[in-house]
Protein chains: 2
Amino acid sequence: MSEHRTTVGIDLGGTQLRVACVDAAGAVLALERERSDQHGSPQGLIDQMIRLIERVRSPGTNAIGCGIPGLIDRRKGVVLGIPAFAGWSGVPLGSILQARTGLPVQLENDANVAAIGEWRSGAGRGSVDVAYVTISTGIGAGIISDGRLVRGHGGLAGEIGHTHISDEASTCSCGNTGCFEAVAAGRALDRRVMSAVVGQPSSLLAGLVGDRTPGAEYLGIAASRGCPVALEILDTEAYWLGLGFTNLQHLYAPERIVMGGGVSALLPLMRERIDAIMRQRLLPGFTPAVIEVAALGDSAGVVGAAFLAREKP
Amino acid sequence: MSEHRTTVGIDLGGTQLRVACVDAAGAVLALERERSDQHGSPQGLIDQMIRLIERVRSPGTNAIGCGIPGLIDRRKGVVLGIPAFAGWSGVPLGSILQARTGLPVQLENDANVAAIGEWRSGAGRGSVDVAYVTISTGIGAGIISDGRLVRGHGGLAGEIGHTHISDEASTCSCGNTGCFEAVAAGRALDRRVMSAVVGQPSSLLAGLVGDRTPGAEYLGIAASRGCPVALEILDTEAYWLGLGFTNLQHLYAPERIVMGGGVSALLPLMRERIDAIMRQRLLPGFTPAVIEVAALGDSAGVVGAAFLAREKP
């Protein structure tokens, strides 16, 4: 594909729809975002996509890539289901978009397009073995191995959030216990903060949180001011991230781990402890992967979807 | 590569060296095995390899693949270290074998060549997404995703045995605790059998084991005769295998899991329970992978090494 050609990336999120026109170097030439039309039928969301595509596309645009927050049949271009929206089972989104835009369309799941974005244009750039892990309410991942996405059967690979990592009884969003997500993601962190707020009401952390919903920002502020309650919570979080990242490395041997999502803001406060755990646990031959905070923020998906469009189908 | 050409596979094991001449369909045309020259220098083992290669190769042989029980630099064809043998750090095995045989040589680690063997010619045949897991004293794995080995940086991917899966305190061969290998491999199984022999001396299992070293065979016999002590140990083993295989599926999304190693002989007695755990824990969209016992036995490595030789370097 010629260097001056552009592609359109679509990132369908549960709350926001992003559509961008991106050049071969990953530069975003035009970006549109709107609140996803949640109450609309697939027809409503598809009309919204078409409208934004027509706004961003350039004369040289020759392909579309689309990240979907759900299950897809990539080869057929069919959506199998999107947990956040009703009515998507069996929608042939690829051929619909192709018919209405005249451009070839590729679908991929949302964690995978974000991984492609960070790999091709963000914090993973320059390496062929990159694990992208997003840690917010839940945990998602996309794995690049030897310059290719690890997709697996049905494109379902990379669900590291739901690997069993602990015998702890805390329940995961998936209904099981012991998942990496159940002990290390935002919900676990919030639960630990709430329990500290109740149990240690005179702590700096409790004072900062007050009656608000706990968030990573209070934990970061309290910890950087030396609050021992906050530091202990970060220590626990770093323990689980250290175990989870060691698992990632033993499994996929990434050269770089790119960490996205809200919890990644706390990485500077946890890096030393995470690194120590990895050094302690990694087998001989491994050196701890470089852990980088994701560079593209909310644009990783839309940029990655545009790069996806450049791949051979 | 033409169909009538053959390749030579080498499988260097800690106790045995196997060398075979294999055709494009995976048929073994000649096989030699000898006790690995453990006390010899690398020079001794290399001489042994050359001798066996010359015995098995045919006029149409045009490449060599070699599985190594240690760390390698695949691109340079250099061995970085073999735990079972001294003196291998930095040995340029690829170019040495190439100079002495006149054939191009590719190196790969032993679990990966066994995975290739089972995938191309054994129980994984016909699928492009195959996880090969060998469960004996330890746990090794090789992963085929979309028809390619998942190698990762330094070729180190697939160390599922040393992923943290439990908070149990039992120590692993790697020195850590909580590894899949520490709770599910042969050593854990033997420890549970010994503890039952001591704690339940009147059980059928204890009677069968007597003063012998515990092995999978006694467990299998006792369980199939209904011994509740043996059944409980198998139930525990199936629990950990069910968790580990669920992890495998969430991570790599194989269509098929091929199980090798001594513990695989017990699969028929555990299959129902493993499958139930997988069904309970797998995310929506996943169906439990078909679990097959490895078909090539001790020849998986040597056949896989011969197939490796057919790959582009």
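Student: In which helix of chain B is Gly244(B) found?

Tutor: Gly244(B) is found in helix α8 of chain B, residues 228-252. Helices are DSSP runs of H or I with at least four residues, numbered from the N terminus. This is a predicted model, in which local features need pLDDT of at least 70, side-chain atom pairs count only at pLDDT 80 or more, and totals for chains, interfaces and linings use all residues. Residues are numbered from 1 along each chain as its sequence is written, chains are lettered from A in the order in which they are written, and side-chain values use heavy atoms, with hydrogens and water left out.

Student: Why does Gly244(B) count as buried?

Tutor: Buried means under 20% relative accessible area, with a 1.4 Å probe and protein chains only. Gly244(B) has 1% relative accessibility, and therefore counts as buried.

Student: Which residues is Gly244(B) in contact with, leaving aside its neighbours within four places in sequence?

Tutor: They are Ile160(B), Ile165(B) and Phe180(B). Contact means heavy atoms within 4.5 Å.

Student: What makes the relation of chain B to chain A that of a two-fold axis?

Tutor: A rotation of 180° with 0.0 Å of shift along its axis superposes chain B on chain A, at an RMSD of 0.0 Å. That is the relation of a two-fold axis. The superposition is by least squares on the C-alpha atoms of residues with pLDDT of at least 70 in both copies.

Student: How do you know that the copies meet through the same surface?

Tutor: Of the interface residues of chain B, 100% are also interface residues in chain A, so the copies meet through the same surface. The contact takes 42 residues from chain B and 42 residues from chain A. His164(B), Leu251(B) and Arg281(B) supply 19% of the area that chain B buries against chain A, more than any other three residues. Buried area is the accessible area (1.4 Å probe) that two parts lose on being put together, summed over both; for chain B and chain A it is about 3600 Å², 50% of it on carbon and sulfur atoms.

Student: Which helix gives the most to the side of chain B that touches chain A?

Tutor: That helix is α8(B), with seven residues.

Technical notes: Helix = DSSP H or I, 4+ residues; strand = E, 2+ residues; numbered from the N terminus. Buried < 20%, exposed > 50% of the residue type's maximum accessible area, 1.4 Å probe, protein only.
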